[in-house]
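Welcome! Let us go through a structure together and ask what stands behind the words used for it.

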Amino acid sequence: MIDLLDICAFNATYAHTIDSDALESWPAFFTEDCHYRVTHVENEQEGLAAGIVYADSRAMLEDRIAALREANIYERQRYRHLLGMPMVEAADDRTAQARTPFIVVRIMATGQSEVFATGVYQDRLVRRAGRLLLAERVAICDSTVTDTLMALPL
């Protein structure tokens, strides 16, 4: 059975990977045919699939990180994730659905820190070869205003 502790440990490792700038490892948290989307609450409530970020495979996530490292130019920054307790909506031995609240603080090269995003992860997790993976993660941001510089993944 996938339980609350499994999901908490998974989320902590996920956040640490992003926060420690180990971004090349980030796509490995997802299945090959995953769905990753960053959107805001109004789009989600209205059933609009459009998002700020959209990927429908691990390969797209890998491309996003490669572009971030090699092609995109952006001000140096890092994140610090603060995660709430997941609410497990359904779970069995192989799958789970959970919602986890998050706050992401963005720290700029100048040292300035600001709340960058708040919201909830809406996840569908699967257990494959003994480890949890995200089949789907939708990061639903509370604010409908998004900084145009969303360089790092949420």
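This is a predicted model: local features need pLDDT of at least 70, side-chain atom pairs count only at pLDDT 80 or more; totals for chains, interfaces and linings use all residues.

Q: How do you know that the span of helix α1 agrees with its number of residues?
A: Helices (H or I, at least four residues) and strands (E, at least two) are DSSP runs, numbered from the N terminus. The expected span of a helix is 1.5 Å times one less than its number of residues. For the 16 residues of α1 (residues 4-19) that gives 22 Å, and the end C-alpha atoms are 22 Å apart, so the two agree.

Q: What is found at the start of α1, and what just after it?
A: At the start, a side-chain oxygen of D3 comes to within 3.2 Å of the backbone nitrogen of L5. Just after the helix, D21 has a positive phi of about 65°.

Q: Why is R137 called buried?
A: Buried means under 20% relative accessible area, exposed over 50%, and partly exposed in between (1.4 Å probe, protein chains only). R137 has a relative accessible area of 0%, so it is buried. Its place is in strand β7.

Q: What makes the pair R137 and D123 a polar contact?
A: A polar contact is a pair of N or O atoms within 3.5 Å; within protein, one must be able to donate a hydrogen and the other to accept it, and residues adjacent in sequence count only if both atoms are side-chain atoms. The side chains of R137 and D123 make such a contact at 2.7 Å. Residues that R137 touches (heavy atoms within 4.5 Å) include N11, Y14, F30 and Y36.

Q: Which residues have the most contacts inside the largest nonpolar core?
A: They are Y14, F30, Y36 and L154, in a core of 34 residues. Elements giving two or more residues to this core include α1, β1, β5, β6 and β7. A nonpolar core is a set of buried Ala, Val, Leu, Ile, Met, Phe, Trp, Tyr and Cys residues joined through side-chain atoms within 4.5 Å.

Q: How do you know that β6 pairs with β5 and with β7?
A: Two strands pair if DSSP finds at least two bridges between them. β5 and β6 have 13 bridges in the antiparallel sense, and β6 and β7 have ten, also antiparallel. In the β5 and β6 hairpin, G111 in the turn has a positive phi of about 95°.

Q: Why is the pair Y14 and F30 called edge-to-face?
A: Rings of Phe, Tyr and Trp (its six-membered ring) pair if their centres lie within 6.5 Å; planes under 30 degrees apart count as stacked, over 60 as edge-to-face and the rest as tilted. The structure holds nine aromatic pairs. In this one, the centres are 6.3 Å apart and the planes stand at 65°, so the pair is edge-to-face. Y14 lies in α1 and F30 in β1, so the pair ties together parts 16 residues apart in sequence. W26 and F30 are also edge-to-face, at 5.4 Å centre to centre and 75° between the planes.

How values were computed. Residues are numbered from 1 along each chain as its sequence is written. Side-chain values use heavy atoms; hydrogens and water are left out. Lists of a residue's contacts leave out its neighbours within four places in sequence.
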